[in-house]
Amino acid sequence: MGRKKGLPEFEETAPDGFDPENPYKDPVAMVEMREHIVREKWIQIEKAKILREKVKWCYRVEGVNHYQKCRLLVQQYLDSTRGVGWGKDHRPISLHGPKPEAVEAE
């Protein structure tokens, strides 16, 4: 038993025949577009996981200095997790981030 030569080729772009105004016009393009969206979401999720592992490693290595040394990694991780995940497509971006501070009325 030998290894298969090469890996399967995947389209990295959205399908050509997909019409967002009428998605049910071409059912094949609709399924391809759905697969494209799912694939892109998984890529974003995996990038966030990689950055999370880098942040963990940086915290362990830097110890008490992690506030200064790991700041860039933490910011990249937080930026990569905004809007990523399932069920967050139709919500405005303002709801994905941290909650704004409440302003006290005078």
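Let's start at one residue: K56 is partly exposed, with a relative accessible area of 37%. That label covers everything between buried, under 20% relative accessible area, and exposed, over 50%, using a 1.4 Å probe and protein chains only. Areas like this come from the Shrake-Rupley method with a 1.4 Å probe, and for residues only the protein chains shown count as cover.

Before going further, a word on the model. It is predicted, so local features need pLDDT of at least 70 and side-chain atom pairs count only at pLDDT 80 or more, while totals for chains, interfaces and linings use all residues. Residues are numbered from 1 along each chain as its sequence is written, and side-chain values use heavy atoms, with hydrogens and water left out.

Now the overall layout. The protein chain has 3 helices and 0 strands, and its pattern along the sequence reads α-α-α. Helices here are DSSP runs of H or I with at least four residues, strands are runs of E with at least two, and both are numbered from the N terminus. Of the 106 residues in the protein chain, 15% are buried. The accessible surface of the chain is about 9700 Å², and carbon and sulfur atoms account for 56% of that. If you look at contacts (heavy atoms within 4.5 Å) between residues at least 6 apart in sequence, 38% of them join residues at least 24 apart.

Back to K56, which has a charged partner. Its side chain meets that of E53 in a salt bridge (3.7 Å, N to O), a term that means a side-chain nitrogen of Lys or Arg within 4 Å of a carboxyl oxygen of Asp or Glu. Both residues sit in helix α1, 3 residues apart, or about one turn of the helix. E53 is partly exposed too, at a relative accessible area of 44%.

How many salt bridges does this rule give? The count comes to 3. K49 is partly exposed at 34% relative accessibility, and E46 is partly exposed at 37%. Then there is R82, which forms a salt bridge with D79, their closest N and O atoms being 3.1 Å apart. R82 counts as partly exposed at 31% relative accessibility, as does D79 at 46%.

Next, the part of the chain leading into α1. F18 lies in the segment before that helix and is partly exposed, with 22% relative accessibility. What does F18 touch? Leaving aside neighbours within four places in sequence, F18 is in contact with P23, A29, M30 and M33. Take M33: 15 residues separate F18 and M33 in sequence, yet their C-alpha atoms are 7.0 Å apart in space. Another pair to look at is V28 and P15, which are 13 residues apart in sequence and 9.3 Å apart in space, C-alpha to C-alpha. V28 has its place in helix α1 and counts as exposed at 54% relative accessibility.

Finally, the charged surface. Which residues form the negative patch? D16, D26, E32 and E35 do. Patch members have over 30% relative accessible area and no salt bridge; like charges are joined within 9 Å, and nonpolar side chains (Val, Leu, Ile, Met, Phe, Trp, Tyr) within 5 Å. Asp and Glu count as negative and Lys and Arg as positive, with His and the chain ends not counted. Each charge is placed at NZ of Lys, CZ of Arg, CG of Asp or CD of Glu.
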